[in-house]
Every structure is written in structure tokens, then in C-alpha cells.
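Got a model open and wondering where its labels come from? Let's go through a few of them, value against cut-off.

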Amino acid sequence: MLALSSCGSGGKEDVLPPIVEVKTAVVEAGGYSQFIYVKASSSWRITITSVDGGEPVDWIIADPSSGSGDMDVTLKVEENKSEKERSAVITVENSAGKASKTISQKAKGSEVKPDPTPSGGNLSPKTGWMELPAIPEGMDAFTHSMTVGSVSTRNYSFLWDYSNLVAPWVAYPLCKWNIGNNIKRTNAWGLDPLLPEGKQPVLYRGFSKGNNGWYARGHQIPSADRLTSYESNSMTFYGTNMTPQIQDGFNGDIWATLEGKVRSWANSSDTLYVVTGCVIDYPEGQTVKYALDNYGKKVSVPTAYYKVVLRYMKNSTVGYSGYSACAVWLDHKVYSTKNIDSKYSMSVKDLEKKVGMDFFVNLPAVVGEEMAAKIESENPSKVSWWW
């Protein structure tokens, strides 16, 4: 997030110049909206002008364009149908001064495209990524890339549920190299460039109250799993990676403990392949709980969450051919404990039966069908290494 202080001075002594905080200075070509945050001690107004001539522009609209005190402002950006990038200057002014920021919008055709997702197949058949589950026919899956040092690599992949506005699963590789410890949590809440704004939650300000109270923005791939760079970490704050989670007694407690345990497993492995998932399975006749995004769209509240991991350690004596697996299931409720132990675990095979999914579809190609079946059938509660 960029903080912009004022230029200019004057006005009453108790009136301070405004400050504007901007999530990102670059907007995608598809016409996504974004929020800016105005900090001011008096009334203010916003003007939006061209970079070169200072003339008003009509492809960005500030809502509201004036106000008093601290306030979130939405910048509604129209689709750029030109093959040229365009820019505008956003200026917030009060009696004591002003603050300005240049916002650019990418040219038509510059949108990031997801990897191909053939029906019933893998996210990208040529990759053979070990963490990927099978993709159900008729559903879309996407992937985000990042750079670690000078190496371009995958960050995470996800399946998207357009009806419930959540990712049924998020899959990613985890190891010391791509966890990193170079930066702090960015809190760069933003829109996922792979999906239109109307088909994903907008969560700059968090979830609004739905039909069953308030919920936290719960990460599926945790922020702490990607501390290699601002780029890699900010992707974990996309609305597509969030679900409405109970905060006290779940997100901030037992779920956070599970996230930390998964990182500890990764730090003791060559690579840990992780799938984090949520389940929306309400009993017949029960009203689905939901939270609201910043535009009032309903986001279904999951009834349960899971993490399923495939560990690879070349010289390990645990498992088969260097591979071992563990699944953990948590009903979405308030827990009286923060501790995670073997009683929450099950085999990958049992989780597959429970949720009707096929995890680690590329494993048989590496170790063979028979060995893969042994790895996925092993009961992790009986394997002391996990606990």
C-alpha cells in the first residue's frame, strides 16, 4: 500500500492536509474497481484529470467524490478498449493542501490469462504438478505464478465455485525455498486479475454482516506461506483466496495452529504438496449461512475445512518411495482448544470418500498405481512423524 502525503500548505491551523492510501497504482484492462482510503481532518473533494493536459477524464469515477474525515472511496474504472495504456491523476484536496496519485490502466489484451483447464483433466496436463486434485467437469481452475529470486515458478492454483463465491480447493507446493522470510505480511487486500469483479468477492474492507453474524477473511493459502516477496504475498490476499471464517475459536486459533503445523512439516521435507479446501454441505432444509462482500454479494459460509498434504523426502524412512500423506478435517465451528493432534486426521483415501474428490492425481504416474494406493491409504494417526 502506498501512502501519499500532501503538497502545498495553508488553511486553518487545526486542519491538516489530506493523505491518500492506494492499494495499487495499476488497474487491469477489464475495468476493475478498487478502493482508495482518504485520511483528512476536514471536508475534502476529489478531482480526476489527465496526466498530460490536466483535463477531466470520464473513465474513472470516484464514489463518493467528496466527503469529510476519513473514508473509503471506490474508484470505478471502465474497461479499456484501446490497445494503449492510459493514466489519470487522482487528487484529494482540502483547505490545507492536497495529495495526488497517478493511476494507470493496462491496455486491451494485456490481461493475465489462466492456464488451460480442459474438462475433467488437470489444470495443465503438461505440468504434472503433484499438488493438483482432479478438476471436475464443467468447473474452472486457475493458477497464479510468482518469482522467487530469479526463478519463475507457481504460487498456487485454485478451483472456483461461481455460485458460492469460494474456492473449493487451493493447491500449492510448500518448502523452505518458497515460504521465505524476506518480508512481512502485506495486507494487500485486492481483486484477483483472473476473474471479473462481479464473479469474485470484493473484500478490501472485510466481510459485512450476513444472515448469521460477522466473519473474518480466512486465507486458504496462508499469508505466512508466501513471504518471499511483496508479489508472492499479495496474491494470497486476493478475494478468491478468502472464505468467511469464524474468528475466535477457529481462524485465529485452531486453524492458525494447523497452518503452522503444515509449515513445520514443510520445513522438515524436501517438498510438501498442500491442498486446502472448504466444504459447503448444509443439511436439507437448513438455510445456507452467508456473509456479504463490500458490494453486497453473498458469499457462502463453509460448513467444514480440510488440509491434505503429500510429503516428499528423498531419504525418508516414513511412507513409501519417499512419499507419505496426511489429511486433517475440521468442522467449521468454535473449538475450545487451539491444539491439533491425530484425532482430527484421516487417510487421503478416506477424505476422498468424504468429499467425493480425487487428490494428487499425478502421483500414480510417479510411483505407480499400487504404490500410490498404499500412500493414500496409510492412516496418519498411526505415523508418529506427523505428531
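Q: What makes Phe 142 and Met 235 contacts of Tyr 156?
A: Contact means heavy atoms within 4.5 Å. Leaving out residues up to four places away in sequence, Tyr 156 touches Phe 142 and Met 235, and its other partners include Val 170, Tyr 172, Ile 221 and Asn 241. This is a predicted model, where local features need pLDDT of at least 70, side-chain atom pairs count only at pLDDT 80 or more, and totals for chains, interfaces and linings use all residues. Residues are numbered from 1 along each chain as its sequence is written, and side-chain values use heavy atoms, with hydrogens and water left out.

Q: Why is Asn 339 called exposed?
A: Exposed means over 50% relative accessible area, buried under 20%, and partly exposed in between (1.4 Å probe, protein chains only). Asn 339 has a relative accessible area of 52%, so it counts as exposed.

Q: Where does Asn 339 lie, and what does it touch?
A: Asn 339 lies in the loop between S20 and strand S21 (345-346); strands are DSSP runs (E, at least two residues) and helices are runs of H or I, at least four, numbered from the N terminus. Beyond four places in sequence, Asn 339 touches Ile 254 and Tyr 344. Ile 254 is 85 residues away in sequence, yet 6.0 Å away C-alpha to C-alpha.

Q: What makes a set of residues a nonpolar core?
A: The members are buried Ala, Val, Leu, Ile, Met, Phe, Trp, Tyr and Cys residues joined through side-chain atoms within 4.5 Å. The largest one here has 50 residues, and Tyr 156 and Phe 158 are among those touching the most other members.
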